Structure formats: structure tokens, C-alpha cells
Amino acid sequence: MAIAVNSFIKNGHKKILELGVGTGLLAEKLKVLAPEAEFTGVDITSSMLDIARKRLGEWGKLIEADVYIMDLQETFDIAVSSRGVWVISQRGDRTDLGNHTNEIPQDIKGLTNVAKHLCQEGLLLLSVQGEHKSHQQNLPTGIVYSQEIEKIGENDEIESIEKSYFFKKDGEILAQQKLNLNYIKQWKKEEIMAQAGFSFVSIHESQKFHVYRKK
Ligand SMILES: C[S@@+](CC[C@H](N)C(=O)[O-])C[C@H]1O[C@@H](n2cnc3c(N)ncnc32)[C@H](O)[C@@H]1O
């Protein structure tokens, strides 16, 4: 994902906004690949931002805000959500929109707000994610990430799960969060993206993210 985002940076899209920067894993890679980028990461969870700041040192701007209602008073060339606030959920041959709220009007408002933070023809990159399953994963610097998943509802537009995740080091919890995550079904996703002011451009050749352009 970072290599692909870097290819956009090298093509002149230097102002990057990450939606749900978390502990800064993507940002850390961008810092190495494209130190010249003007990077801003937004996250709603201060404990995530504390870890991200340690990871990034002085590089980049980190802002505690809710992406749905943030008002950063500037525009960006690219907004990227890498396992962040919105994702493309690959579920068999369906590509749903994964999010954290089952209020579709809120998503339209949130994505419209993202469009407001993009310059003319700015791009929105949404990472592709496999179906959520309970699992545990070792991250660099001895941190262990784990998540637990439970299905909590479904209708013709949306399916909802509850995801609990933890970052631990030597058994001690560094950060934890419980989120509702929804799969907005593919047909509805296209409608929402259009209503929020985005048109679909392509699936990146890496297959790792979908590219939308502000209309
Ligand atoms: C899996 S983590 C992101 C990982 C990160 N992009 C990376 O590459 O390391 C998802 C993040 O989204 C954040 N998040 C969820 N809803 C949000 C919202 N409405 N506004 C801002 N951040 C949000 C969570 O706090 C969490 O840190």
C-alpha cells in the first residue's frame, strides 16, 4: 500500500491525509519512501496517536479528530484510508464498503466531508481488506495485535459485526478499542460514493486499494 501511495506522491500528489492513521504503520513506511510528502494523519483515539507520534518522530502532522466531522481548514491531494475509517471489504466476488457506523446518512455526510478536504480532482484511496476474522498478529517492535469478531445484524443494505481489538507488548495492553463495523453491500456502496461526490476510477494494479476521484 505504501509503495502504491508513494507512486502517487512521486507523480506530484504531495499532500496526503490519512483517515484513521492508527499507530502509524502506513505513515512510517511513507516517511521512509517519501520524506518530502506533506503528511497529515487523523485519528479519533488519542492512545493510537501517542504510538504513532513515537513511530514518526517529528515527521508529519497528527490530529485527534473524528473524520466524519473534522474541519481541518485545508485541502489535500490524496485522502487514504488504509485499514482505517472506510475500507473495501472483499467478500467472495463482492466488494462491499466497510465502515464503523450503520447509519448510512452519516456515511454520506462523512464521505462528503472527506471530499470537502480534497482539492479539485483529488483522490480517495480505500484499502482492500479480506473478510474480518478473529486472529492475532505480531507487529514490529514486539507489539502483538489481536482482534475478535461477532456478527450482530443484517438487512438488504448492510451487515454489521462487532470487532474488539488490542495492541499488547509483553502481555500488557498498550491500546484497545471496541468498534462496530459494517459491510455496506456493493450496490449501496456505489450509490453512497456517488452521493458523497466521488466517482470510481479503478482498482489499483496492486489490487490493494480502490481509487475514487472527487467529481
Ligand atoms: C486498524 S486502525 C488503522 C491502521 C492504520 N491506518 C495503519 O496503517 O497503521 C483503524 C483506526 O481508525 C480509527 N478510527 C475509527 N473511526 C474513526 C473516526 N470516525 N475518525 C477518526 N479515526 C477513526 C481508530 O481509532 C483506529 O486507530
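## Asp77 and its surroundings

The side chain of Asp77 comes within 2.9 Å of the backbone nitrogen of Lys15, a polar contact (a pair of N or O atoms within 3.5 Å; within protein, one must be able to donate a hydrogen and the other to accept it, and residues adjacent in sequence count only if both atoms are side-chain atoms). Please keep in mind that this is a predicted model, where local features need pLDDT of at least 70, side-chain atom pairs count only at pLDDT 80 or more, and totals for chains, interfaces and linings use all residues. Residues are numbered from 1 along each chain as its sequence is written, and side-chain values use heavy atoms, with hydrogens and water left out.

Asp77 belongs to strand S4, residues 76-81; strands (E, at least two residues) and helices (H or I, at least four) are DSSP runs, numbered from the N terminus. Asp77 counts as buried because its relative accessibility is 17%, and buried means under 20% relative accessible area, with exposed over 50% and partly exposed in between (1.4 Å probe, protein chains only). Beyond its neighbours within four places in sequence, Asp77 is in contact (heavy atoms within 4.5 Å) with residues including Gly12, His13, Lys14, Leu118 and Cys119. By contrast, 32 Å separates the C-alpha atoms of Asp77 and Ile161.

Strand S5 (residues 87-91) is largely enclosed by the rest of the structure, because 4 of its 5 residues are buried. S5 pairs with strand S6 (residues 94-99) in the antiparallel sense over 5 bridges; two strands pair if DSSP finds at least two bridges between them. Within this pairing, Gln90 has Thr95 as its bridge partner. The hairpin has 2 residues between the strands, and Gly92 there takes a positive phi near 65°. S5 also pairs with S7, in the parallel sense over 2 bridges, and Ser89 stands opposite Gln129 of S7.

Gln129 turns up again next to His132: their side chains make a polar contact at 3.2 Å. His132 sits in the loop between S7 (118-129) and S8 and is buried, with a relative accessible area of 8%. Leaving aside neighbours within four places in sequence, its contacts include Gln147, Ile149, Ile161 and Tyr183. Gln147, in S9, also stands opposite His135. S8 (residues 135-138) and S9 (residues 143-154) form an antiparallel pair over 4 bridges, and Thr141 in their hairpin takes a positive phi near 60°.

## The nonpolar cores

A nonpolar core is a set of buried Ala, Val, Leu, Ile, Met, Phe, Trp, Tyr and Cys residues joined through side-chain atoms within 4.5 Å. The largest has 29 residues, and Leu19, Met70, Trp86, Leu111, Val114, Leu124 and Phe198 touch the most other members. Two or more residues each come from strand S1 (15-19), S4, helix H4 (104-116), S7 and H5. H4 gives the most, with 5 residues.

Leu19 is in contact with Met70, Trp86, Val114 and Leu124, among others, leaving aside its neighbours within four places in sequence. A second, separate core of 25 residues includes Met1, Ala27, Trp59 and Val80.

## Helix H5

Which residues of helix H5 (residues 186-195) are buried? They are Lys188, Lys189, Ile192 and Met193. Just after H5, Gly197 takes a positive phi of about 100°.
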